[in-house]
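Biologist: Please take me through this model one feature at a time, with the general rule and then the case at hand.

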Amino acid sequence: MSESTAVRVDPSNERMLKAWDGDDGLLWAKRAQRFDNGVAAYRDTFFAAADVGPADHVLDVGCGAGQTTRDAARLATAGSALGVDLSREMLGVARRLAEAEGLSNAAFEQVDAQVHPFAEAGFDVVISRHGSMFFGTPLAAFSNLARATRSGGRLVLLTWQPSRLNEWITTFRTVFAAGGEVPSSDLALSDPVEVGRLLASAGYVDVRCTAVNKPMYFGEDVDDAADFIVEQHGGRLSEVDEATRAGAVGVLRADLAEHQTGRGVFYGSAAWLVEARCP
């Protein structure tokens, strides 16, 4: 039995396990610092809402390479931070960085947070920076997280607003459609009304969604940004001819040039800061 199949996942999350414990996870582990830099502008707002105290026990869902877990561990000096994810590769990066930073109160586990038997009421704060949008059965997942949170404990999420409000999503989808049909679907948890209903059904109260708009970083210059974006999204061009592929990359580079600033290449992004409490 492989390590991937040894992870207990809900059947609705098997596709996510295959992706994140496969090629997607390998790429995100390789480019961990770049992905963290991309959304760094949200960091202060996110942790101000999380309000992690020195003695808190924090659960970080979909922690990836562990930047937010390590940030939480630095705040919870007499507590702990547990990061969970489906990707062995990213968790390996997270463990190495936590060890290098001397964070003995940070730990990481490869689990499916939708079904993992966390200790009941074992956490004071549950956080997820763009990691909560991938559950196969969101109600079951958030119900499990609510069960793992103490009375009065907090849930703080960052999720993306609708795609049309995220310049980077609409631009890259159009570029890599290469003249074909442009995907128009939104990522999960992009509708604040639906998020409110979902979390209330899972047992949370005082649900609040606040719009937060920040510039998103993609590279120090056009060459750097293009290499990164093509590496991440270029697979969408795998079935087109070389001329079409070259044309799409040329369009991308021209658009990146229009977004070049003295601090790097930035696109507009729009997220929801979701806050809720366990009664």
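Biologist: What do the side chains of Arg43 and Asp71 form?

Modeller: A salt bridge means a side-chain nitrogen of Lys or Arg within 4 Å of a carboxyl oxygen of Asp or Glu. Here Arg43 and Asp71 form one, at 2.6 Å from N to O. The pair joins distant parts of the chain, with Arg43 in helix H5 (residues 43–50) and Asp71 in helix H6 (residues 67–75), 28 residues apart. Helices are DSSP runs of H or I with at least four residues, strands are runs of E with at least two, and both are numbered from the N terminus.

Modeller: This is a predicted model, in which local features need pLDDT of at least 70 and side-chain atom pairs count only at pLDDT 80 or more, while totals for chains, interfaces and linings use all residues. Residues are numbered from 1 along each chain as its sequence is written, and side-chain values use heavy atoms, with hydrogens and water left out.

Biologist: Is Asp71 buried or exposed?

Modeller: Buried is under 20% relative accessible area, exposed is over 50%, and partly exposed is in between (1.4 Å probe, protein chains only). Asp71 has 7% relative accessibility, so it counts as buried. Arg43, at 38%, counts as partly exposed.

Biologist: How many salt bridges does the structure hold?

Modeller: There are 14. One of them pairs Asp36 with Arg129 at 2.7 Å, N to O. Asp36 is in helix H4 and Arg129 in strand S4, so this bridge ties together parts 93 residues apart in sequence. Asp36 counts as buried, at 10% relative accessibility. Asp223 and Arg253 also meet, at 2.5 Å from N to O. That pair connects helix H11 to helix H12 (residues 242–258), across 30 residues. Asp223 is partly exposed at 43%, and Arg253 is partly exposed at 33%.

Biologist: Which residues have the most contacts inside the largest nonpolar core?

Modeller: A nonpolar core is a set of buried Ala, Val, Leu, Ile, Met, Phe, Trp, Tyr and Cys residues joined through side-chain atoms within 4.5 Å. The largest has 75 residues, and Phe118, Phe142 and Tyr204 have the most contacts inside it. Strand S8 (residues 264–277) gives the most to this core, with 7 residues. A second, separate core has 11 residues, among them Leu17 and Trp20.

Biologist: What does Tyr204 touch?

Modeller: Contact means heavy atoms within 4.5 Å. Leaving out residues up to four places away in sequence, Tyr204 touches several residues, including Phe142, Leu145 and Ala146.
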